[in-house]
Amino acid sequence: MYTIKLDGALLWDPRVPELRIINPKVNCEINRAGTLEFIAPAAHPLYTHIKKMKSIVEVYQDESMIFRGRPLTDNRDFLNNKQVICEGDLAFFNDSVIRPYTYNGSIIGYLQMILDAHNAQVDPEKRFSLGSVTVTDPNNYITRSSINPVNAWPELDAKLLNLLGGYLIIRHEGGVHYLDYLADSPYLNDQTVEIGSNLLDVTQQSAAGGIITALIPYGAKILDGEGKETGERQTISIVNGGVDYLYSQTAVDNYGWIFGSKTWDDVNDPSNLVTKAAQELAVRTALGTSVEIKAVDLSMLNPDIDKIRFFQYVPVKSPGHGIDTIALITKLSLDLTSPQNNLLTFGFDQKSLTDQKVSADKVLRQIEADYVTNEAVTVVRDSIVSLASAIIQTAEEIKTEVSRTYTSQDAFSSYQQALATRLIQDAEKFDFQFTEMQKSIETVDGKQVAKFNEISKHITFDSGDIILKATSSDPNVNTRISLLISRNRISFLDNGAEVAYISDNKLYIYDGHFINSLRVGNFSFRPRSNGSLSFGRVV
């Protein structure tokens, strides 16, 4: 169950009518602040307490915090309802300014410098502590500088994410807000997103807009004998046969010659520059594929199942789409009042220049802390995942081989039948389950298929309504009568026309023919030969 707090006070709880809000939705994305949107009715008790840029808004799934941020806008409609948009707490780094600086040292030291400057300028609820740092540099030494004052977030984005990659994640633990800089997610969810069970829809996108096939790398500025800049930068020509660029022959064959360049201010050694350029080219020659998936989070039906959360690896299986892999959730859209509309977006790693699925290499992931909640974390057992990357450079081609494997305890098979039963009992999800049941049952023996087909003849789903009807091959058997069940009405149909219905605990009949006398209270009705009714008082 989801709840929302405003400055520590309960803003929304679906069990409390007085705390009603409209259409609350959360959107999370890697290396982005994320958003929370909702409409606050004018009668809400905390209506006047929503302070733009000041209030702290927190979204919880059960006891776990899944979003923290502040109101950014609160436009009002004709009825004075507030349409509130909140930005995630990563955006707090836009509230501080990093004065002109020059830094030489480790990645951890650079992050601490940015945090110290940020924390000195903002309110306590917008401060962060340095958390886990797993991103590395080959030299374990970076050079960063700015001659102009800059906001903290653009500097982190430009000087860390754009140059070294990785993920900046806010972790809430024990009342402390940590900034982690991670090379990869340490989370593997034990729940499988799979066609025929909890996977509802799949959309795959493969974008080639940012692809290059050749890269010209530049290193640090070259100094003369007196330590003055010459106006030139280090290149790879001296260690690359006089050529100042790298290229991928496979990429050229597929896409033609597309040049790009990148500068590393802190790289003086041409050999190190080749290594960094090869890594960059390997990334920029690969097609980036994202997969949007609509799925039911099975933890809502069974509390023993892992909740699907942002920035986790999740096993995904959809043979019809060529998907059988483990993938990182890079975006997560949550509809807090209609969870069936939740949308997961996965970023799939690719092998070389093709859209092949990821293969494997084993290593145990030990989870030390929860990067999206403030609750204690249980170590995931029997779950193995790894990411290994090897870059092979030759004179003619650069290839990237990315491999990953996982083994996961398959708890899903033990509750699959129980899940089907629950979904059938849930009227809102039954239409989906009935369709998927038909797909699944086609794989069992012919007797079961025939039995299922016989049932489906008598049950029809139409725009959320259920229609029950009889069928018969005997022409003497009347099969005109059917029953239509909707949310607030049960209708009796004769050849598709409504002849009676039940609504508001009353029975309504359009026309009647009474065979025997009918007594209601102290009055009786008797049929006459001409079809009319005689009426009299019972003494």
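Predicted model: local features only at pLDDT ≥ 70, side-chain atom pairs only at ≥ 80, totals over all residues.
**Exercise 1.** Determine the order of the strands in the open sheet and identify its edge strands.

*Solution.* Step 1: the open sheet consists of three strands, arranged as β10-β14-β13, with mixed pairing. Step 2: β10 (129–133) and β13 (167–173) each pair on one side only, and these are the edge strands. Step 3: from one strand to the next, the twist averages 30°.

**Exercise 2.** Describe how β10 is joined to β14, and name the bridge partner of serine 129.

*Solution.* Step 1: β10 and β14 (residues 176–182) run parallel and are joined by three bridges. Step 2: serine 129 has tyrosine 178 in β14 as its bridge partner.

**Exercise 3.** Explain why the buried residues of α1 lie on the same side of the helix, and list the elements they pack against.

*Solution.* Step 1: the residues of α1 that are buried, with under 20% relative accessible area, are Ile107, Tyr110, Leu111, Ile114, Leu115, His118 and Asn119. Step 2: these residues lie on the same side of α1 because they cover an arc of only 160° around the axis. Step 3: the buried residues of α1 pack against β8 (97–98), β9 (101–105), β10, β11 (142–146), α2 and β14.

Notes. Residues numbered from 1 in each chain as written. Heavy atoms only, no water. Pairing = 2+ DSSP bridges. Helix = DSSP H or I, 4+ residues; strand = E, 2+ residues; numbered from the N terminus. Axes fitted to C-alpha atoms, helices over the stretch in contact; angles between N-to-C directions. Buried < 20%, exposed > 50% of the residue type's maximum accessible area, 1.4 Å probe, protein only. Arc of directions from axis to C-beta. Contact = heavy atoms within 4.5 Å.
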